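This report describes a single protein model together with its ligand. Please consult the sequence and coordinates shown below while reading.

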Amino acid sequence: MKDWLEYVDEPVPCHPLMNQADEALVRVAYGSHGIVETLAGETRDCRFRRNVGRPCCGDHVMIRADGGDAWVVDEILARRNEFMKADNRGRPQVVAANLDRVLVVIATRPLPSRDLLDRYLVAVHSLGIEPVIVLNKAELEPEVEDGTLAHLDDYSRLGYTVVRTSCKRDGGVEPLTALVETGTSILVGQSGVGKSSLAHQLLPDIEIQTGALSTTTGKGTHTTTTTILYTLPGGGQLIDSPGVWEYGLWTLDDADIAAGYPEFQPWLGGCRFNNCRHLSEPGCAVKDAVAAGRVSARRYDSYTRLLAQNAAS
Ligand SMILES: Nc1nc2c(ncn2[C@@H]2O[C@H](COP(=O)(O)OP(=O)(O)OP(=O)(O)O)[C@@H](O)[C@H]2O)c(=O)[nH]1
Ligand SMILES: [Mg+2]
Ligand SMILES: [Zn+2]
């Protein structure tokens with residue numbers, strides 16, 4: 001019989017450490033695989049097993065060696081929050097998870113579609129994180145309009161952070177640099193407003209990072225098709241996402257929508273009915289505040305349209 005010491009140098013075929021799971025961050029997720037970065041900073045292409053769920057950009061996952069050079073995601077760790085949008089059939093889809101800040105980008109052109117900004121602000125409020133309104137292409141005079149851009153100062157007065165940026169001017173994105181230094185920020189907004197241009201300005205090494213993530217567009221267009229997480233030079237992470245034409249809300253109830261309007265908050269307790277939707281109910285304190293000019297009629301109208309769209313979807 002061997003002495004126990006003789007076993008020490010023998011390879012142990014199924015030692016648990018050989019199949020150890022590592023924590024990693026999903027930088028880009030395709031259908032059945034994605035690129036992750038381990039806590040040690042290594043980039044790995046991982047297969048997604050169906051029974052694990054669908055990892056998305058910003059997910060923290062556990063990965064494990066899967067034979068040879070292959071890696072597989074074993075588990076998606078609990079998400080702090082999920083940012084959603086519609087897929088091309090109008091169904092809700094998770095864009096990214098574990099966010100600290102949503103940069104809602106609008107531009108002097110294309111002009112924001114009606115209610116787009118308010119819908120984003122309601123969605124961000126429901127996640128309990130900070131929205132930042134970014135007016136890009138600020139060096140261009142907006143086309144004449146009386147919509148969102150004409151009322152941008154109202155949003156500052158409501159307490160929202162509003163920054164003006166230009167990717168065509170030296171130092172034009174500086175107002176954003178300090179804001180994104182911590183945590184994870186995502187760029188969202190209509191197609192063509194300049195989200196990827198802002199990402200390029202904020203990330204001097206974006207080409208290198210993109211190369212490591214092996215995404216090639218090569219379609220002769222610059223329209224972003226994949227949500228990608230980048231590491232910012234000053235700390236923090238920046239996610240660029242594909243543009244939308246319209247941004248729809250799901251999974252919210254009427255009270256969540258009202259909660260997304262900060263100017264309604266002082267009045268909400270004053271309505272005659274507890275379950276007041278602030279539409280045609282008698283004794284509605286919000287409607288009284290609108291009539292008295294203490295809440296903007298433009299914002300109240302957008303609230304009623306959001307409720308109507310929510311009911312229809
Ligand atoms: N004048 C001006 N043009 C800009 C600015 N920022 C971006 N652009 C231009 O706007 C166009 C669209 O920019 P992108 O960065 O591709 O826009 P995007 O929001 O990423 O678009 P999607 O990926 O389709 O959602 C490009 O031609 C940019 O050169 C800016 O500050 N000023
Ligand atoms: Mg883009
Ligand atoms: Zn009311």
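## Basis and overall make-up

This is a predicted model, in which local features need pLDDT of at least 70, side-chain atom pairs count only at pLDDT 80 or more, and totals for chains, interfaces and linings use all residues. Residues are numbered from 1 along each chain as its sequence is written, while chains are lettered from A and ligands numbered from 1 in the order in which they are written.

The protein has 8 helices and 13 strands; helices (H or I, at least four residues) and strands (E, at least two) are DSSP runs, numbered from the N terminus. Of its 313 residues, 31% count as buried. A residue is buried if 20 or more other C-beta atoms lie within 10 Å of its own, exposed if 12 or fewer, and partly exposed in between, with C-beta atoms placed from the backbone. Among contacts between residues at least 6 apart in sequence, 63% join residues at least 24 apart. Two residues are in contact if their C-beta atoms, placed from the backbone, lie within 7 Å.

## Nonpolar core

The largest nonpolar core comprises 63 residues. Such a core is a set of buried Ala, Val, Leu, Ile, Met, Phe, Trp, Tyr and Cys residues joined through C-beta atoms within 7 Å. The residues with the most contacts inside this core are C57, A96, L103, V104, V105, Y120 and I186. Helix α1 supplies the largest share of this core, 7 residues.

Leaving aside neighbours within four places in sequence, C57 is in contact with V26, R27, V28, A29, A96, T227, I228, L229 and I239. T227 counts as buried because 24 C-beta neighbours lie inside 10 Å. With residues up to four places away in sequence not counted, T227 touches C57, V95, A96, I239, S241 and P242. T227 and R27 are 200 residues apart in sequence, yet their C-alpha atoms are 8.4 Å apart in space.

Ala, Val, Leu, Ile, Met, Phe, Trp, Tyr, Cys and Pro count as nonpolar, Asp, Glu, Lys and Arg as charged, and the others, Gly among them, as polar.

Because 7 of its 8 residues are buried, α4 is largely enclosed by the rest of the structure. The buried residues of α4 are K195, S196, S197, L198, A199, Q201 and L202.

## Packing of α1 and α8

Two packed helices are described by the angle between their axes and the distance between the axes. The axes of helix α1 (residues 116–127) and helix α8 (residues 297–312) come within 10 Å and cross at roughly 70°. Axes are lines fitted to C-alpha atoms, for helices over the stretch in contact, and angles run from 0 to 180 degrees between N-to-C directions. The two helices, α1 and α8, are therefore roughly perpendicular to each other (65 to 115 degrees; under 35 is roughly parallel, over 145 roughly antiparallel and the rest oblique).

Helix α1 makes the contact through D118, R119 and V122, and helix α8 through R299, S302 and L306. By class, this contact has 2 nonpolar, 1 polar and 3 charged residues.

## Backbone geometry and exposed loop residues

Most residues other than glycine have a negative phi, and most peptide bonds are trans. The peptide bond from R109 to P110 is cis, with omega near -10°, and P110 lies in the loop between β8 (101–107) and α1. In the loop between β8 and α1 there is also D115, a non-glycine residue with a positive phi of about 75°. D115 counts as buried, with 20 C-beta neighbours inside 10 Å. N98, in the loop between β7 (92–97) and β8, has a positive phi of about 65° although it is not a glycine. N98 counts as buried, with 22 C-beta neighbours inside 10 Å.

W245 lies in the loop between β13 (237–240) and α6 (254–259) and counts as exposed, with 10 C-beta neighbours inside 10 Å. Leaving aside neighbours within four places in sequence, W245 is in contact with Q190 and S191. W245 and Q190 are 55 residues apart in sequence and 5.5 Å apart in space, C-alpha to C-alpha.
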